[in-house]
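Colleague: I am new to this model, so please walk me slowly through one part of it. I would like a close look at the ring side chains and whatever surrounds them.

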Amino acid sequence: MRRKKLKIVWITVLIAGIIIVGIGNINSKAKGIEPMVLKLGHVVPTSHPYHLGAVKFKELIEKRTKGKIKIEIYPAGQLTPGERSLIEQMQLGLCDLTVTATGPVSGFMENMMVVDLPFLFRSYEHAHNVLDGIVGDELLEQLKEVGIKGLAFWENGFRNITNSVRPINSVNDLRGLKIRTMENPVHLDSFKDLGANPTPMSWPIYTELQTGVIDGQENPLPIIYAYKFWEVQKYLAISEHFYSPAPILMNLKRYNSLPLETQKIFLSTAKEVAHYERALIKEQEKKYTKIMKKYFKEVTYPPRKEFREAVEPVYNKWLSRHSDWKRWIEIIKETEQE
């Protein structure tokens with residue numbers, strides 16, 4: 001009889017415990033203790049440093065917020081194929097974060113184009129010192145005016161030209177070529193001054209290259225490799241005409257809704273991962289530079305000085321329009337390379 005009573009007591013305790021846990025879970029959900037889920041989208045394949053950096057960012061954010069925030073990554077244009085439309089989705093709150101080249105950002109904040117000027121940066125180290133300093137900080141801060149929080153500058157690398165018509169050894173070889181560019185006025189002006197026929201076009205562009213709608217395109221080596229452009233292009237010119245920063249951006253309202261400590265975690269983590277992502281870009285570029293001769297019919301190295309002189313009018317045009325640009329350019333020139 002006593003054993004029976006003890007058994008009943010234990011069963012009662014067990015049931016009570018289950019009920020208490022259940023009520024606790026209900027209360028937790030009611031109090032919003034369930035993790036906040038954020039969407040991060042980008043347009044490149046999972047082998048690209050954008051994605052690898054996003055994965056590292058996700059891991060660190062989830063760890064440092066003790067699971068209070070979860071990040072879902074949508075690569076390769078799963079949310080929307082173009083970078084411009086992805087930024088628009090982020091502004092509307094349909095996604096929370098994105099990593100994108102600065103080219104499309106210029107459609108939302110014109111001052112961002114200052115870092116897209118041709119032959120502006122002397123090396124990767126020079127670009128990093130500029131973007132991690134006062135110029136980068138001011139540009140990220142100005143994004144607030146269009147509902148965007150700029151967390152940090154990652155990168156896509158120096159851009160090079162591919163085409164299916166002829167090898168590029170000089171500025172003259174670019175004349176008349178229909179080259180796809182981003183929807184960026186500075187990029188368009190630069191290629192016009194180089195004698196090409198720049199054609200702004202949203203991503204992706206493989207089919208347009210394959211069918212001859214455009215003769216060529218310009219992108220960093222990791223993108224050229226990821227999309228196997230040698231299948232539809234014969235010639236690669238290592239021109240390094242633009243450096244392509246890639247800010248990691250966040251919906252401003254979503255960012256402001258976070259506790260102050262969590263905001264600090266997002267900022268510090270984005271800046272930390274910038275070093276990781278940039279190292280991946282450099283590593284991939286070094287690797288792909290060695291093997292591109294195997295894939296393309298011809299790889300050329302056109303003279304940088306000749307190209308730089310040809311695009312001088314771009315500087316004259318844009319610096320005369322923006323007083324801030326003149327100040328930033330002076331800071332960039334004075335910034336140490338190492």
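Modeller: Gladly, and one term comes up at once: a residue is buried when its relative accessible area is under 20%, exposed when it is over 50%, and partly exposed in between, using a 1.4 Å probe and protein chains only. What you see is a predicted model, where local features need pLDDT of at least 70 and side-chain atom pairs count only at pLDDT 80 or more, while totals for chains, interfaces and linings use all residues. Residues are numbered from 1 along each chain as its sequence is written, and side-chain values use heavy atoms, leaving out hydrogens and water.

The chain has a mean pLDDT (the predictor's confidence in each residue, from 0 to 100) of 91, with 90% of its residues at 70 or more. Residues 1–9 fall below 50, and apart from near neighbours in sequence they make zero contacts in the model, a contact being heavy atoms within 4.5 Å. Residues 11–30 are also below 50, with three such contacts. Where pLDDT is low, the predicted coordinates should not be read in detail.

Now to the rings themselves. The structure has 16 aromatic pairs; rings of Phe, Tyr and Trp (its six-membered ring) pair if their centres lie within 6.5 Å, and planes under 30 degrees apart are stacked, over 60 edge-to-face, and the rest tilted. Take Y124 and F158: their ring centres are 4.9 Å apart and their planes meet at 70°, so this pair is edge-to-face. Because Y124 belongs to helix α5 and F158 to strand β4, the pair ties together parts 34 residues apart in sequence. (Helices, H or I of at least four residues, and strands, E of at least two, are DSSP runs numbered from the N terminus.) Y124 is buried at 8% relative accessibility, and F158 is buried at 5%.

A second pair, W230 with Y295, is stacked, with 4.1 Å from centre to centre and 20° between the planes. W230 sits in the loop between α9 (221–226) and β8 (235–237), and Y295 in helix α11 (residues 260–295), so to speak two distant parts of the chain, 65 residues apart, are linked here. W230 has a relative accessible area of 16% and is buried, whereas Y295, at 26%, is partly exposed.

Leaving aside residues up to four places away in sequence, its contacts include F158 and Y288, and among the others are L236, I238 and M292.

In α6 (residues 134–142), the buried residues are V135, G136, L139, L140 and Q142. Looking down the helix axis, they fall within an arc of 160°, so they line one face of α6; the arc is that of the directions from the axis to the C-beta atoms. What covers them includes α5 (124–131), β4 (148–163), β9 (243–251) and α14 (323–334).

R308 places its charged end over the ring of Y315, 4.3 Å from the centre, and R321 lies over the face of W318, at 4.7 Å from the ring centre. For this, NZ of Lys or CZ of Arg must be within 6 Å of the ring centre and within 35 degrees of the ring normal.

R308 has another partner, E312, in a salt bridge of 2.7 Å, N to O; the term means a side-chain nitrogen of Lys or Arg within 4 Å of a carboxyl oxygen of Asp or Glu. Both residues are partly exposed, R308 at 25% and E312 at 34%. By that rule there are 14 salt bridges. Another joins D189 to K317, with the closest N and O atoms 2.8 Å apart. Since D189 is in helix α7 (residues 185–193) and K317 in helix α13 (residues 312–319), this bridge ties together parts 128 residues apart in sequence. D189 is buried at 13%, while K317 is partly exposed at 33%.
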